[in-house]
Amino acid sequence: MREIIESPLFSIAITILGYEIGKWLNKKTNNPLLNPILFDICFVILIMKLLGISLETYNIGGSVINMLLAPATAALAVLMYNQLDALKKNMLPVLIGTSVGAISAMTSIFLMCKLFGLEENITLSLLPKSVTTPIAIEISKQLGGIVPITVAAAVFTGIMGMIICPIFIKLFRMKESVSVGIALGTCSHVSGTSEAVKIGELEGAMAGLSIGFAGIFTVIFSLFFL
Amino acid sequence: MNICMQIAVLFFICLLGQSISLVLPFPFPGNIIAMMILFILLLTRVIKPGMIQDFTGFLLANMAFFFVPAGVSILESYPIMKDSLLPIFLVCLISTVITFFVTFATVRLVVIWQRKRHHTKKGA
């Protein structure tokens, strides 16, 4: 029995199962807090604790899934290419918006971490958390941050943006599509983009482009924190 | 392209990105270089989106799934962060709000400036 539980196939299977249950629950309840990724992480940890699987054993299978992060990040290029027309029309707003947005994210994170007296390695883990998780993971590694903390913070930031930004948009009557889209994509990456798609086509396209550009700018600006 | 070829092409682009990352004089993540390489290949039409869409479609549709194992490793790092949960929560919340408004205001200014320039050009 032990051999089956400790097989890499078992780790992969429970991770897929948890993800599917999480997606189903999210759809059923329509509650952004019931996020499939967070649910899956908790689900896997629960199963590991129940069956006494060590993190090391889980990671033999986990690393296979993890490996696919590389081509998945590269595939973001297809997402950007699909919005080429929208990019050509709005080149300047996208470039200036995402670069200023990336600077403001990193500066505000850095200053607040100092203010709260957070430890250096936690600060470095939080710095890239505004960009899409696969890119944030890479930046965190480079800076010497703690990758799991970056993952949690990036996913959490996405959920926050998804819940809070639509409230601001209504409250302050933010109507201009290009600005709303770029702001959503820059502050809360993929989750923000899914909200932007709900508002309108141009908003969605702008947010989608911002994921990639905000990611690249954050990589570049993070060089100054090394 | 069949699915195996599509996987091979994408893996090759990733390896190329990682190789470039190794020789660069400053740290730059290989996966992001791979993303830029693929973007250039698409722009120059060396690769057409349709050629790799089975694999990229699968990757993009399930993006979130691929970082679950990285998240599960929180088991190991939880002790480091458990005393700082509230500050970490506040940093995430406040920085998201700041970034949203700063980005919105910046783009708004750029759009207004572009419109103005467009109008004066027309008037002249």
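In this predicted model, the C-alpha centres of domain 1 and domain 2 of chain B are separated by 30 Å, where domain 1 covers residues 1-68 and domain 2 covers residues 82-124. Chain A is likewise described by two domains, with domain 1 at residues 2-67 and domain 2 at residues 73-225, and the C-alpha centres of these two domains of chain A lie 26 Å apart. The contact between them draws on five residues of domain 1 of chain A and four residues of domain 2 of chain A; on the side of domain 1 that touches domain 2, the residues divide into four nonpolar, one polar and no charged.

The domain centres can be set out as follows.

| Domain pair | Distance between C-alpha centres |
|---|---|
| Domain 1 and domain 2 of chain B | 30 Å |
| Domain 1 and domain 2 of chain A | 26 Å |

Turning to chain B as a whole, its secondary structure comprises seven helices and zero strands, so that the pattern read along the sequence is α-α-α-α-α-α-α. The radius of gyration of chain B is 22 Å, whereas a compact globule of 124 residues would have a value near 14 Å. Taken along the principal axes, the box filled by the C-alpha atoms of chain B has dimensions of roughly 60 × 50 × 35 Å.

How many residues does the contact take from chain A and from chain B? Chain A contributes 83 residues and chain B contributes 58 residues. On the side of chain A that touches chain B, the residues divide into 61 nonpolar, 18 polar and four charged.

Within chain A, helix α7 (residues 91-115) and helix α11 (residues 177-199) have axes that come within 10 Å of each other and cross at roughly 40 degrees. The crossing of α7(A) and α11(A) is right-handed. From α7(A), the contact is made by A:P93, A:V94, A:G97, A:T98 and A:G101, while α11(A) supplies A:V178, A:I182, A:T186 and A:C187. The residues of this contact of α7(A) with α11(A) divide into five nonpolar, four polar and no charged.

Terms used. Residues numbered from 1 in each chain as written. Chains lettered and ligands numbered in written order. Predicted model: local features only at pLDDT ≥ 70, side-chain atom pairs only at ≥ 80, totals over all residues. Axes fitted to C-alpha atoms, helices over the stretch in contact; angles between N-to-C directions. Helix = DSSP H or I, 4+ residues; strand = E, 2+ residues; numbered from the N terminus. Left-handed = near helix turned anticlockwise from the far one by under 90°. Contact = placed C-beta atoms within 7 Å. Nonpolar A, V, L, I, M, F, W, Y, C, P; charged D, E, K, R; others polar. Domains from an automatic or database assignment. Rg over C-alpha atoms; globule rule 2.2 N^0.38 Å.
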